[in-house]
Amino acid sequence: MPTTHLKSTTAFKKDNSYILYNGSCIDILKEFQENSFDCIFADPPYHLSNDGFTCHSGKRVSVNKGTWDRSQGIESNFEFNKLWLSECKRVLKPHGTIWVSGTYHSIYVCGFVLQSLGFHILNDICWFKPNAPPNLSCRYFTSSHETLIWAKKEKSKKHIFHYKVMKNGDWTNDKFKKDSTQMRSVWSITSPKRDEKKSGKHPTQKPIELLKRIILASTNEGDCILDPFCGSSTTGISAYKLRRKYVGIDINEEYIQLSIKRFKELS
Ligand SMILES: C[S@@+](CC[C@H](N)C(=O)[O-])C[C@H]1O[C@@H](n2cnc3c(N)ncnc32)[C@H](O)[C@@H]1O
């Protein structure tokens with residue numbers, strides 16, 4: 001594991017398989033040795049919390065996720081994404097891959113930064129949400145997807161892609177995936193189920209099914225996966241169930257506690 005000589009205090013650690021740090025990833029990432037991680041999943045702030053409205057359970061509610069999601073302007077968003085993505089490149093192994101998730105508020109900036117840092121883009125995945133809430137204003141198309149960019153550190157190195165698992169696995173809940181057809185770049189996965197929020201709620205929690213697919217596609221058992229914006233640790237829970245190691249970082253103590261609770265309640 002790449003975590004042995006860190007100055008930052010570990011918030012939680014279980015057998016070098018599930019490790020959490022509380023603080024800004026921009027500081028904590030600097031403490032990891034280069035070429036430490038096999039894979040990174042990053043779900044950074046969307047920078048969409050601008051006092052607008054959305055729909056939840058049929059009601060008009062604020063779109064705001066928290067102060068961590070406020071935009072300080074496009075230049076500042078760009079600098080922020082450049083800082084953490086530069087560190088991610090340094091700590092990723094040469095054959096390693098990174099997944100970055102976002103909406104149109106953030107994903108184009110992240111894509112531009114990834115390319116300017118020399119990452120090689122492998123795919124952009126459209127994660128379609130069949131149960132997305134309706135648009136209340138009726139003045140726009142209803143937002144019903146997020147984009148995930150999948151990129152590798154070094155173009156010349158052979159990255160991991162479990163083609164047969166993706167092609168032949170049991171993906172019956174995905175209405176776009178028919179038996180034994182190749183896995184395409186549009187994935188239909190519903191938002192987290194009620195059961196996935198039994199330990200507490202995170203405003204932008206990802207579904208286990210999404211992380212399961214990502215981890216099975218792009219890592220081997222025993223690999224170490226980093227999530228620099230771990231939130232409720234959907235990445236960590238999925239990684240642990242699939243026998244991968246996990247290091248999660250979040251700036252918010254409340255979400256670190258939720259990540260610990262989720263882990264302890266794993267049956
Ligand atoms: C989009 S959410 C991630 C949700 C997560 N994928 C899940 O399934 O729960 C982004 C997270 O980044 C955290 N965050 C924001 N700025 C951060 C920073 N500089 N360093 C580390 N975490 C940060 C927020 O507290 C929030 O939990």
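Reply: Start with a pair of strands. β2 and β11 pair in the parallel sense, over five bridges. Within that pairing, N22 stands opposite D250 in β11. Keep in mind that this is a predicted model.

Me: Which way do β10 and β11 run, and how many bridges join them?

Reply: They run parallel, and four bridges join them.

Me: How do I read the two faces of a strand?

Reply: In a regular strand, side chains alternate between the two faces of the sheet. Now look at β11. K245, V247 and I249 point one way. Y246, G248 and D250 point the other way.

Me: Are the residues of β11 buried or exposed?

Reply: On both sides, all are buried. Six of the six residues of β11 are buried, so the strand is largely enclosed by the rest of the structure.

Me: How do I read the whole sheet?

Reply: Walk across it, strand by strand. Nine strands form an open sheet, in the order β1-β2-β11-β10-β3-β6-β8-β7-β9, and the pairing is mixed. β1 and β9 (186-188) stand at the edges. Each has a single partner strand, so one side of each is left without a neighbour in the sheet. From one strand to the next, the twist averages 15°.

Me: Which strands run antiparallel?

Reply: Take β6 (residues 92-102) and β8 (residues 145-152). They run antiparallel and are joined by six bridges. Find G102, then its bridge partner in β8, T147.

Me: How do I place a helix against the sheet?

Reply: Helix α3 (residues 107-116) lies across β6, β7 (120-128) and β8. It runs at about 5° to β8. α7 lies across β1, β2 and β11. Its angle to β2 is about 165°.

Me: How many residues of helix α6 are buried?

Reply: Seven of the eight residues of α6 (residues 234-241) are buried, so this helix is largely enclosed by the rest of the structure. The buried ones are T234, T235, G236, I237, S238, A239 and Y240.

Me: What covers the buried residues of α6?

Reply: The cover includes strands and helices. Among them are β2 (18-22), β3 (37-42), β10 (224-227) and β11. α5 (208-218) and α7 (253-264) are also included.

Me: How many residues are in the largest nonpolar core?

Reply: It has 54 residues. Those with the most contacts inside it are I40, C88, I98, W99 and I225. Follow I98. Leaving aside neighbours within four places in sequence, I98 is in contact with I40, A42, C88, L92, F119 and A151.

Me: Where is A42 found?

Reply: A42 is found in strand β3. It is buried, with 23 other C-beta atoms within 10 Å. Beyond four places in sequence, its contacts are C88, I98, W99, V100, D227, P228 and F229.

Me: Is K153 buried or exposed?

Reply: K153 is buried, with 23 other C-beta atoms within 10 Å. It is found in the loop between β8 and α4 (163-168). K153 and K93 are 60 residues apart in sequence and 7.6 Å apart in space, C-alpha to C-alpha. Not counting residues up to four places away in sequence, K153 touches K89, L92, P94, G96 and F119.

Me: Which residues come nearest to the ligand?

Reply: Of the 20 residues around the ligand, D43, F229, G231, S232 and T234 come nearest. The elements that give two or more residues to this shell are α1 (25-28) and β11 (245-250). By class, the shell has nine nonpolar, eight polar and three charged residues.

Notes. Residues numbered from 1 in each chain as written. Predicted model: local features only at pLDDT ≥ 70, side-chain atom pairs only at ≥ 80, totals over all residues. Near = placed C-beta within 6 Å. Nonpolar A, V, L, I, M, F, W, Y, C, P; charged D, E, K, R; others polar. Buried ≥ 20, exposed ≤ 12 C-beta atoms within 10 Å, placed from the backbone. Contact = placed C-beta atoms within 7 Å. Pairing = 2+ DSSP bridges. Axes fitted to C-alpha atoms, helices over the stretch in contact; angles between N-to-C directions. Core = buried A, V, L, I, M, F, W, Y, C linked by C-beta atoms within 7 Å.
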